[in-house]
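Visitor: Hi! Could you walk me through this one while I have it open?
Guide: Happy to, let's bring it up.
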Amino acid sequence: MKRALIIVYYWPPTGGSGVQRWVKFSKYMPGMGWQPVVYTPENPEQLAVDGSLLSEVPPEAEVIKTHISEPYAAARKIMGRGSGEKGSGLNPVNGQKKSFKQKLALFIRGNFFIPDPRVSWVRPSVRYLKEYLKEHPVDVIVTSGPPQSMHLIGLGLHKATGIPWVADFRDPWTKMYYFKHLGLSAPARRRHERLEQAVLDGCDAVVSVTPMVQADFRAATETPVHLICNGYDGDDFASGPPRRTDGKFRIVHTGLFASDGNPVALWKAIAALPFREQTEIRLAGKVDPEILEAIRAEGLEGNLVNLGYLSHEEAVAELRAADMLMLPLRRDPEYRKAYPGKIFEYLAARKPVLGIGQEDGASAQLLRSAGAGVMADWDRQDEMAAFIEGVHSGAIKAEGRDIDKYSRRELTRAMVELFNKLS
C-alpha cells in the first residue's frame with residue numbers, strides 16, 4: 001500500500017464540518033491502495049467534540065500527534081466569548097458590530113499571528129516530520145487548510161524532502177469572506193499574500209472545493225488546480241427516513257448558525273404561515289444568540305426546538321426526519337463562491353432546500369443543478385413563503401439529480417487518482 005502523509009489541524013474527537021473531509025477520505029483510501037498517515041495536534045482548540053467520528057477512522061490509518069501551543073485561552077478572555085456580550089458568539093470574524101475588546105483581539109490575531117494562531121506549530125512540525133520520514137517514508141504529502149499554517153508545514157517539508165505535495169484548500173486564503181474583517185495593516189496583508197503565493201507556486205497540485213474558487217486559484221498560479229468538492233457519505237444515508245407520527249411540519253437547520261447569516265425575512269415568512277402552529281423550527285448545532293433573539297422577536301419561541309450541538313450521526317438523523325431544510329448563507333459578497341459543507345448532506349437527504357443568500361452564487365447553482373431547491377435573496381419574504389407552502393402541500397419535492405458524484409467514495413477516488421499521478 002502507498003502512504004500519504006496528511007497534515008490536518010482538525011481530527012476526531014474534535015467535531016464539526018472541518019473534520020469530516022479528511023476523515024471520510026481516510027475511511028475509503030485503504031480500499032483504493034493508500035494508507036493514510038495523519039499528523040495532527042494532540043491538544044487542539046476544540047469548539048466541539050464528536051467522539052462518534054472516531055469510528056470512521058480506518059484501522060489501517062496511522063495517527064501521529066504532537067503538542068501545539070496556541071493563544072486561544074487569552075483570546076477568549078479578551079473577546080469575552082461565553083460572557084453574553086452582544087456579538088461575542090460563534091464567529092466574531094465577520095461584519096457584525098464589535099466591541100473594542102473584540103476589535104483589539106482581531107487586530108492582534110490578524111497582524112501578529114500570520115497566517116493564523118497555529119503558526120507556532122509550523123517549525124516544530126517540520127523538524128519532527130523530517131526525522132519521522134527518514135524511517136517512515138511516504139509517497140505524497142497533503143496539507144489541508146484552514147488553518148493555513150498547515151500549508152506552511154507542507155511548504156517547509158516539501159522543500160526539505162522533495163516529496164510530492166498537494167495543498168488542499170477547504171476555503172480560500174486571502175479571498176476568504178472574513179479576511180477583510182481581520183483589521184490587517186498593509187504589511188500584514190502583503191505577508192499573507194506572499195505566503196499564499198509561495199504555497200500556490202510551491203506545491204505540486206492545488207485542490208479547491210468549488211468551481212469559483214478553482215477559477216480564482218487558476219488565475220493566481222501555474223500549478224495545476226483540481227476541483228474535489230466536499231460531499232456526503234452514502235453509508236450515513238443507507239437506511240430509509242425514520243417514521244414520524246408527530247404531525248409537525250419540520251424545518252431543519254444543521255451545523256453552525258452564525259449571526260451574519262440571520263435570515264430575518266424567513267422568520268417573518270414562517271410567522272405568517274397559515275399552518276404556523278404545526279411548524280417546528282429545529283436547529284441542530286451551535287447557534288449565535290442573535291439568531292434565537294430574532295426568532296423570538298417574531299413570536300416563534302413556541303415553534304423553536306433548539307437541539308444544541310449534536311454528533312454527526314444525530315445531525316444526519318435530523319436531516320432525514322425533516323420535511324424541509326433551510327440553508328442561510330453569510331451576507332459577505334465573497335461567500336457567493338463558497339459551498340457550505342452541509343449542502344451535500346442536504347442533497348443526500350433528498351428533502352427540499354430553501355437557501356437564503358446570493359442567487360447567482362455557487363450554492364444557488366448547485367441547488368438548481370441537483371433539483372434540490374431554490375436560493376432566495378435575504379429580503380424575498382414572499383418567495384420564501386411560497387416555497388414553504390409548496391413543500392407543505394407536496395407540490396415541491398427534491399429530485400436529488402445526479403448527486404452520486406458527490407459521494408465520499410467517488411470523491412476519494414478522484415483524490416487517489418491525483419495521488420497516483422504525482423507519486
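**A loop residue and a strand**

Visitor: Let's start with N262. Which residues is N262 in contact with, leaving aside its neighbours within four places in sequence?
Guide: Keep in mind that this is a predicted model. N262 is in contact there with W267, E290, I291 and A294.

Visitor: What does the side chain of N262 do with the side chain of W267?
Guide: The two side chains make a polar contact at 2.9 Å.

Visitor: And where is N262 found?
Guide: N262 is in the loop between strand 8 (249–254) and helix 8 (264–271).

Visitor: Is N262 buried or exposed?
Guide: Buried, because its relative accessibility is 14%, and the cut-off for buried is under 20%.

Visitor: New topic: strand 6. Which residues are buried on each side of strand 6?
Guide: Strand 6 covers residues 205–208, with A205 and V207 buried on one side and V206 and S208 buried on the other. In a regular strand, side chains alternate between the two faces of the sheet.

Visitor: How many bridges join strand 5 to strand 6?
Guide: Three, and the two strands run parallel. D168 stands opposite V207 in strand 6. Between strand 5 and strand 6 the chain passes through helix 6 (residues 186–202), in a right-handed β-α-β crossover.

Visitor: What about strand 7, how does strand 6 pair with it?
Guide: Strand 6 and strand 7 (residues 225–227) pair in the parallel sense, over three bridges. S208 has L227 of strand 7 as its bridge partner. Here the chain crosses through helix 7 (residues 211–220), and this β-α-β crossover is right-handed.

Methods: Residues are numbered from 1 along each chain as its sequence is written. This is a predicted model: local features need pLDDT of at least 70, side-chain atom pairs count only at pLDDT 80 or more; totals for chains, interfaces and linings use all residues. Side-chain values use heavy atoms; hydrogens and water are left out. Helices (H or I, at least four residues) and strands (E, at least two) are DSSP runs, numbered from the N terminus. Buried means under 20% relative accessible area, exposed over 50%, partly exposed in between (1.4 Å probe, protein chains only). A polar contact is a pair of N or O atoms within 3.5 Å; within protein, one must be able to donate a hydrogen and the other to accept it, and residues adjacent in sequence count only if both atoms are side-chain atoms. Contact means heavy atoms within 4.5 Å. Two strands pair if DSSP finds at least two bridges between them. A crossover is right-handed if, with the strands pointing away from the viewer, the path from the first strand over the helix to the second runs clockwise.
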